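Student: I would like to learn how to read pockets, cores and ring pairs in a protein model. Where do we begin?

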Amino acid sequence: MKYLIVGLGNKGEEYTETRHNVGFKVAEKIAETIEAPFKSSNFGLLAEGKYKGRKVLILKPDTYMNLSGNAVKFWLQKENIPVENLMIVTDDLSLPFGTLRMKMKGSDAGHNGLKSIQEQLQTQSYPRLRFGISAEFSEGKQVDYVLGKWEGEEKEKLPERIEKFSKACLSFVFAGIQNAMTTFNGK
């Protein structure tokens, strides 16, 4: 059985430590955990490994966020992976910092990466894991906030939260989405 885990983010050194790139950070932690190095490939950096007997592909798309769907669709088709074995990891402004919310389907909630994936896959029914980044910005400053770097207490707690999200993704691979949701949602 094969799985595709996609961490959403923006390519480029200037985005590495930003809130919008938390999907990349979770993808990197998963790859580190299963000892799968990233290599340059079609539509981004890809790591391939195994977790408890299951093949896992981890993708950090090098498209812009609003074209993430191109990368997801390509790898699902190339590897013949069913959409229910896909996990998208993304940031979410509507959740408090570090909140974990895994769902089997849902709207794009205004997120350009999810919007692109939905358009390319022609469905809202694909697993996703949202990482709460909160909405601690003043009116008109959303872009600056999302593309801003982690600060203070968030920066301190970030490694532990990334570890938790990595475990949730691997639980999805091994135990299925229902078990993973029961075990990790809200934690």
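Tutor: We begin with residue classes: Ala, Val, Leu, Ile, Met, Phe, Trp, Tyr, Cys and Pro count as nonpolar, Asp, Glu, Lys and Arg as charged, and the others, Gly among them, as polar. The model is predicted, so local features need pLDDT of at least 70 and side-chain atom pairs count only at pLDDT 80 or more, while totals for chains, interfaces and linings use all residues. Residues are numbered from 1 along each chain as its sequence is written, and side-chain values use heavy atoms, with hydrogens and water left out.

Student: Which residues lie nearest the centre of the largest pocket?

Tutor: They are His-20, Gly-110, His-111, Asn-112 and Gln-142, out of 17 lining residues. This lining divides into six nonpolar, seven polar and four charged residues.

Student: What is a nonpolar core?

Tutor: It is a set of buried Ala, Val, Leu, Ile, Met, Phe, Trp, Tyr and Cys residues joined through side-chain atoms within 4.5 Å. Buried means under 20% relative accessible area, exposed over 50%, and partly exposed in between, with a 1.4 Å probe and protein chains only. In soluble globular proteins, nonpolar side chains tend to be buried together. Here the largest core has 35 residues, and Met-87, Met-102 and Leu-129 touch the most other members. A second, separate core has 18 residues, including Leu-57 and Ile-81.

Student: Why is the pair of Phe-43 and Phe-74 called tilted?

Tutor: Rings of Phe, Tyr and Trp (its six-membered ring) pair if their centres lie within 6.5 Å; planes under 30 degrees apart count as stacked, over 60 as edge-to-face and the rest as tilted. The planes of Phe-43 and Phe-74 stand at 50 degrees, with centres 5.3 Å apart, so the pair is tilted. Phe-74 also pairs with Trp-75, edge-to-face, at 5.2 Å centre to centre and 85 degrees between the planes.

Student: Is Trp-75 buried or exposed?

Tutor: Trp-75 is buried, with a relative accessible area of 3%, whereas Phe-74 is partly exposed at 25%.

Technical notes: On a 1 Å grid over the protein atoms alone, a cavity is a set of points where a 1.4 Å probe fits but cannot get out, and a pocket is an open set with protein on both sides within 12 Å along at least five of seven lines; lining residues have an atom within 4 Å of a point.
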